[in-house]
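I would ask you to look at the sequence and the structure together while I describe two regions of one chain.

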Amino acid sequence: MTASSIYLPEMARLAQVEQVTALEKLFTIELPEGHSLGHDPGQFVMLSVLGVGEAPISITSSPSRSNGSFELCVRRAGDVTGALHRMQVGDRVGVRGPFGHGFPIEKMRGKDVIFAPGGLGLAPLRSLINQVLDERGSFERVVILYGAKRPEELLFRDELDEWVARDDVECHITVDRGDETWDGHVGVITTLFGPIAVDPRNTVAVTCGPPIMYRFVLMELLGKGIPETQIYLSLERRMKCGVGKCGHCQINDLYCCQDGPVFTYAQIKNVPEAL
Amino acid sequence: MSLKILDKGAVAPLVNALIADYQVVGPQAKGPQFAFGPLSDPAELRLDYNTTILPPSKAVLQPSYERLATFRLGDDPAVEPVVESVPTVLLGVHTCDLHAIQVLDKVFSQDHPDANYLEQRAQTLIVSLECLRPCDENSFCKDMGTLTADEGYDLHLTDIGDAYTVHVGTERGEALLEKYAQTQLATEANVRRLNEALSAKWPHFKHRLEFDAAELPALLATAYDHPLWDELGERCLACGSCTNVCPTCYCFNVVDEVNMALTEGERLRTWDSCQLDEFALVAGGESFRQARSARQRHRFMRKGKYIYDKVGELGCVGCGRCIRTCLAHINIVDGFNTIHGTA
C-alpha cells in the first residue's frame, strides 16, 4: 500500500509581493503547472515556509479572479508569517488545502448582503466580496461597512475607493482614530450601522474581525432583526494540521478547521469558547 | 476462531523467533515501573507487569517524534513526504489500551485518513493480554467496559497457570501463530480452566465510577459551568503529564527542524497537550483557553464527551494513568463522580 500523506505541501511560487500596510503584505501565489487552487471564498490554506513551519491563512482572492494564482493577505505576527514577510518574488512556499467550510454563496443569491469586516478581517471577506461583485446581478443590495483602528491600517485602499465609487455598492468606512490624512468617518465600526435600513428576512450578514469586535457587531446585526442563521462569521484558531487531527483548533466540540472556519451565529451562539 | 494453548515455556522461543523478522515491542521493567519498548531478548519481556508509564500506542503508533516530511532548502527548495512503518509485533497489550487503540484507529482513519498513523497500524500485529488482577487502585476499567475485549487484537492471551490460552482474532494472527509459535489445540480441560480464570477475575476489580459510563456524554453536556472546573484549575500545574500518558490523547504539534548547514531539514510531529499555555494561542495574541480551569474542563470533556461525539467511543478507557501521574492529585474518576453527584 502506498499511502499519500495528508501533510505533504505542494511547492508554489511567490509571483508577486506587495506591501499593503506597515504590517500586512499581499502575496500572489502560483501553484505548479498553472493549476488552480479551486477554493471557495472563506476557505484557508496551510502555508509552509520550509524550515520555519506551517500556519493557517485565509484566502483573500476571489475564485472568480483566480487566473492560475491566488492571494493571501498576511500580517507579520509570528514565526511563519515573519519568515514569509522576508521572502521575495520567485521564492517558494508550501501550500496544503484549501481546507474548511467557506461562505455558502448560494444561500446569499437574491438577497441583500451586508459585509462587516474589522481590520484584518477584511482579508477573508474580500474573497467573498469580489465574488459577489463579479456576479453582481445575482444579489440585491451590497453593503460594506469596514472599520479599522487607524487610516494607515486600512487594507486594499484602491479597492475600497472603487467600492465607494460604485453606484451599486453602499460602502462606508470608518477608523477608530483619525489623523490629518483622514477626512472620512471616525468612530468604531458599530457607528456605521445606525443609518443602514435593513430588510432583515432578506438580508445575509457576513462579519470577520478580532474577537472583541464580534460582540458589538453581532448586537447591531441582531438588533436589526437579521436571523441568527443568516449571520456568518469566520473564526481564527491555531492549527497544526487543517484536517481535524491535531486538536489545536477545537472550539468545544467543534473543529474550526473542518466545521468552520465559517460558522453561522446560530451554530456558535451556545458554544462558549467560540467568541 | 480457534483456541490454542501456548505453554509458558514456549513464550521465549516465540519472542526469539519473532525478533528475527519483526520489531517486537513489549512491557519491560523500568526502575520500579514498567514501560513498553523494543525487545532484544525474551528475558526482557514482563508479561506480569501491572501497568506501564506510557500506553503501548505511544511506543509504536504515536512516537513522541515522528517524521512527516523531509525538505531541501536553498534556491530550489523541495519537500518529500515521509510515511515510515516498521513491521511490528506489539506484545502484552492490556485490554484498556486495546480499546484505546480502537479509538485512535477511528480518529486517524476518519475524514482525511492519516497515512503516517495508518501505515504503521497496518504493519502492527497486536497480541493482547487478559488482565486477571487490577493493576492498582487507580484503574477503573471495569466501569469503562474495557476489562475485556472481543475484538481489536490479532491474538489474545489469557494466563491459565502454566500456559496461556491464545484466542485467534484475525487471519494475520493465525498465520503468525502458525509460523512462529509452538502451540496445541485447547483441550476441554484447558477451556474449563480458561472459563474459571475469567469468571474468577471479575470480583477482584472494583467499581469506582458511581454511575454508568454510558451516561458520561449526557452528564458532561450539562456540566459546563460546574464549580469543579475552578477547583481543578486552582490545583492544576498545567504540566501536561495527564495528556502525555493518556492512551487516547493524540493531539500534536508540528515543527520544522533544520540541519546545522541550513541546507535541509525535517518536519516532525510531536506530542502536544491542551493543558499547555500556548496550545490554543493564535497569532493575534488571543488565547481561547487561557484559564487552567478551562483547560482541565476541556480534558474532561474530551475524555467523556467530545471524542465520543467525534468517533462514537468514549475517550477514557479507565487505565488510571492520568491519576497516577498527576502531581496535583487530580483524579478523573473523582471528577466524574463529583459532577454526577451535584450537576
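Helices, as I use the word, are DSSP runs of H or I with at least four residues, numbered from the N terminus. Please bear in mind that this is a predicted model.

I begin with helix α3 of chain B, residues 95-109. This helix has 15 residues and reaches 21 Å from its first C-alpha to its last, close to the 21 Å expected at 1.5 Å a residue. Just after α3(B), Asp111(B) adopts a positive phi of about 55 degrees.

Is α3(B) largely enclosed by the rest of the structure, or largely open? Of its 15 residues, 11 are buried, so α3(B) is largely enclosed. Among the buried residues are Leu98(B), Ile101(B), Leu104(B) and Phe108(B), together with Asp97(B) and His99(B). The cover over these buried residues includes β6 (88-94), α4 (115-122), β7 (124-129) and α11 of chain B.

Which way do α9(B) and α11(B) lie relative to each other? The axes of α9 (residues 228-235) and α11 (residues 292-311), both of chain B, come within 7 Å and cross at roughly 115 degrees. The two helices are therefore roughly perpendicular, and α9(B) passes α11(B) in a right-handed crossing.

At this crossing, Trp229(B), Asp230(B), Leu232(B) and Gly233(B) of α9(B) meet Arg292(B), Ser293(B), Gln296(B) and Arg297(B) of α11(B).

Note on methods:
Residues numbered from 1 in each chain as written. Chains lettered and ligands numbered in written order. Predicted model: local features only at pLDDT ≥ 70, side-chain atom pairs only at ≥ 80, totals over all residues. Axes fitted to C-alpha atoms, helices over the stretch in contact; angles between N-to-C directions. Parallel < 35°, antiparallel > 145°, perpendicular 65-115°, else oblique. Left-handed = near helix turned anticlockwise from the far one by under 90°. Contact = placed C-beta atoms within 7 Å. Expected span 1.5 Å × (residues − 1). Buried ≥ 20, exposed ≤ 12 C-beta atoms within 10 Å, placed from the backbone.
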